[in-house]
Amino acid sequence: MTPAIRRPAARVGLYFAAFAIALYSAFPIYWMVSSSLRPTQELLLNPSLIPSELTLQYYYSLLAQTDYPRQFLNSLIVAVATVALTMVLSVMIAYGVTRQRIRGKKAIIAGMLYAYMFPPLLLAIPLYAMFTKVGLNDTLFSLVISHLTMTMPLGVWFLWGFFKAMPFELEEAAMVDGCTRLGAFLRVVLPLSVPGLVTVAIFAFLLSWTDYTFALVMIGSDVNKTVPLGLASMIGAFDLRWGDVMAGSTLIALPLFIAFILLSRYFVQGLTAGAVKG
Amino acid sequence: MAEVSLRKLRKTYGGVVAVEGVSLDIARGELIVLLGPSGCGKSTTLRMVAGLESISGGELFIGERNVTQLEPKDRDIAMVFQNYALYPHKTIRANLGFGLKMRGIDAAETVRRVDEVAEMLAITHLLDRKPRQLSGGQMQRVALGRALVRNPAVFLLDEPLSNLDAKLRVRMREEIALLQKRIGKAMIYVTHDQTEAMTLADRIVIMRDGHVQQIGAPLEVYDRPQNVFVAGFIGSPEMNLFPAEIANGRLRMGPSAEMSLPAPAGAPDGPVTAGLRPEAMHVAPQGLPFAVRAVEQLGSQTLLIGSIGDLSLRVMEGRRDDIRAGDTVAVSADPSAIHLFDRETEQRLATTASAAPAHA
Ligand SMILES: Nc1ncnc2c1ncn2[C@@H]1O[C@H](COP(=O)(O)OP(=O)(O)OP(=O)(O)O)[C@@H](O)[C@H]1O
Ligand SMILES: [Mg+2]
């Protein structure tokens, strides 16, 4: 804390700024949620700040009359698979490059980050061509692989910083204490990396769950559409049902909210650990 | 039967030799100190014994078993690391008990042994804390405890006290010595601090550039250093080492014939490197003129820093309040306290009056 922040006036200013920023970023979310709950009349004609009446009609119509449940499930499958594969692969790669003497490990890390800098669309088109070649086009699996191109570099890079900051003596102590190399990793390194793992998992989930670009290129058939794609096609359809769109958006955001609330403690720890030590 | 036996242990990294041909038999209950300057291969040797570093050549026996190829967990060793390496996510109790748990010792027995060791190290009140809530000294105790609890055949300690302040270091040193005698197991202790080595060791192994220079009891290496390196490394303040010439039973320290001391009996004529411990020289009514440049008061002793002719020397006296920088005093030395080394090979030269302790 700088001395300035202890002065009451500066403090009030700081709180005011924090409040303003919070309001600014929270308002669209509030608007989305409240819009999904107001009757159509009010939504389209004179939306007040606080809805006069609440209704769940859009949620009913969304879940009962559209492909939304199917899309939601698709999104969930893709996101969970992406997270799982990201975790396993990036933990293995990151641990390998930190602890083993691997030729050109700097190049591996740099290469992955370089890949991460490509706009998704640039990767999506050649990937699509490749998937078509092997007959994987228009499958959820192809989407998972595409998402890995975004999540893996991030995961490896982040965990690399995490593992690097962890003294190797800890594993050696565990090995002397009776663990195998793998045992030392599972019992000492992984538990200590939980904040990093959670952070990577959340980021991977977020990237996969909200992805539109890759889904647009990879997925053609209705049965395989994910939620962002489904919502987008709803907007393009003959009648624009804002209420349904808002309800769909709220449902997209829901798992993210839940994850953040449950895991925010680790998440913040992970971010700062990565920033300071990595 | 030796408890631990190192047979020509060797370690190379790529083409670089880090440790070359270390052979050593350690008896049960013996405390061995590996001593040497930074980079001499002490840690590497210890880590080869631990199994944390693969052995490039030679063999290692613990008890009756050849453990050269075994994993650390199968070697019956415990190790204390320089930075303690306590598991940050576990309580102190879990840290202490981890090794027992991994070896399938049942919970009740684990609790009993952890409590016993905690009592022994006076850390019982810390058992429920996490490592980050401890001071350096307390972490050190826990690290020791984690080794003790396992009751292994050999204890390995790599500079365990180097992160503690001077006072605590002395206290922990005494404590380790007492503990080691009490449990009666073999211990290998790595340090670069010769005082630690002298006070703790049953035998000291002095290393340099991966090679063992000398193995012996503390006073043995102090009294009869095998070469110039050991002579300079053991003892504080450092031994005075200087080129000299032996002729007609005199040790000539400078160009003029007056600058000489009686040589030890049986010393061969010719050029030598001579060694004289500061504490073997003393201010005397008659002797060589010693120009005092600085005076260091150590309390019960007084260290005089100065020179005879061109030769810089240190002289350790009992407490003296009367000598000032700039004074010139006469100093002399007992001929039997002079160490002689070959100028070329730097190896100790035999004399009939070996530099042995003065007492009969
Ligand atoms: N992984 C490695 N790769 C290459 N050389 C190494 C490696 N580890 C150690 N060495 C070299 O081996 C030699 C011995 O190192 P070691 O760590 O045993 O020294 P030490 O006596 O413990 O020194 P210190 O007192 O500084 O801890 C050093 O010259 C060091 O550079
Ligand atoms: Mg070392």
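This is a short talk through a predicted model with chains A and B and a ligand between them.

Hi everyone, and thanks for coming. Please keep in mind throughout that we are looking at a predicted model.

Let's begin with chain A. If you take the C-alpha atoms of chain A along the principal axes, they fill a box of roughly 70 × 65 × 35 Å.

Now over to chain B, where we do find strands. Four of them form an open sheet, in the order E2-E1-E4-E5, with antiparallel pairing. Strand E2, residues 16-26, and strand E5, residues 65-66, sit at the edges, and each of those two pairs on one side only.

Let me zoom in on one pair. Strand E1 of chain B, residues 4-13, runs antiparallel to strand E4 of chain B, residues 57-62, and five bridges join them. To find one of these on your screen, pick B:Val4 and look for its bridge partner in E4(B), which is B:Ile62.

While you are in E1, have a look at B:Lys8, which lies in that strand of chain B. B:Lys8 has a positive phi of about 50°, although it is not a glycine. In general, most residues other than glycine have a negative phi, and most peptide bonds are trans.

That second point brings me to another spot. Where in chain B is B:Pro237? You will find B:Pro237 in the loop between helix H8, residues 228-233, and strand E11, residues 240-247. The bond joining B:Ser236 to B:Pro237 is a cis peptide bond, with omega about -5°.

Back to the sheet for a moment. Helix H1 of chain B, residues 42-50, lies across E1, E2 and E4, and runs at about 115° to E1(B). H1(B) also gives the largest share of the shell around ligand 1, namely three residues.

So, on to the ligand. Ligand 1 lies between chains A and B. Its surroundings include A:Arg101 from chain A, and from chain B, among others, B:Tyr13, B:Pro37, B:Lys42, B:Ser43, B:Thr44 and B:Glu159. By type, the shell residues divide into four nonpolar, five polar and three charged.

Which distances can we point to? An oxygen atom of ligand 1 is 2.5 Å from an N or O atom in the side chain of B:Ser38. With B:Gly39, the distance from a ligand oxygen atom to a polar backbone atom is 2.8 Å, and with B:Gly41 a polar backbone atom is 3.0 Å from an oxygen atom of the ligand. Taken alone, ligand 1 exposes 630 Å², and the protein buries 59% of that.

Last stop: another group of strands in chain B. Strand E15, residues 281-297, is joined by seven bridges to strand E18, residues 328-333, and the two run antiparallel. Here B:Leu288 has B:Val331 of E18(B) as its bridge partner. E15(B) also runs antiparallel to strand E16, residues 301-308, through six bridges, and in E16(B) the partner of B:Ala291 is B:Ser307. E15(B) and E16(B) form a hairpin with three residues between the strands, where B:Gly299 takes a positive phi near 105°.

That's my tour, and I'm happy to go back to any of these spots with you.

Note on methods. Residues are numbered from 1 along each chain as its sequence is written. Chains are lettered from A and ligands numbered from 1 in the order in which they are written. This is a predicted model: local features need pLDDT of at least 70, side-chain atom pairs count only at pLDDT 80 or more; totals for chains, interfaces and linings use all residues. Side-chain values use heavy atoms; hydrogens and water are left out. Two strands pair if DSSP finds at least two bridges between them. Helices (H or I, at least four residues) and strands (E, at least two) are DSSP runs, numbered from the N terminus. Contact means heavy atoms within 4.5 Å. Axes are lines fitted to C-alpha atoms, for helices over the stretch in contact, and angles run from 0 to 180 degrees between N-to-C directions. A residue is near a molecule or strand if one of its heavy atoms lies within 4 Å of it. A polar contact is a pair of N or O atoms within 3.5 Å; within protein, one must be able to donate a hydrogen and the other to accept it, and residues adjacent in sequence count only if both atoms are side-chain atoms. Accessible areas come from the Shrake-Rupley method with a 1.4 Å probe; for residues, only the protein chains shown count as cover. Ala, Val, Leu, Ile, Met, Phe, Trp, Tyr, Cys and Pro count as nonpolar, Asp, Glu, Lys and Arg as charged, and the others, Gly among them, as polar.
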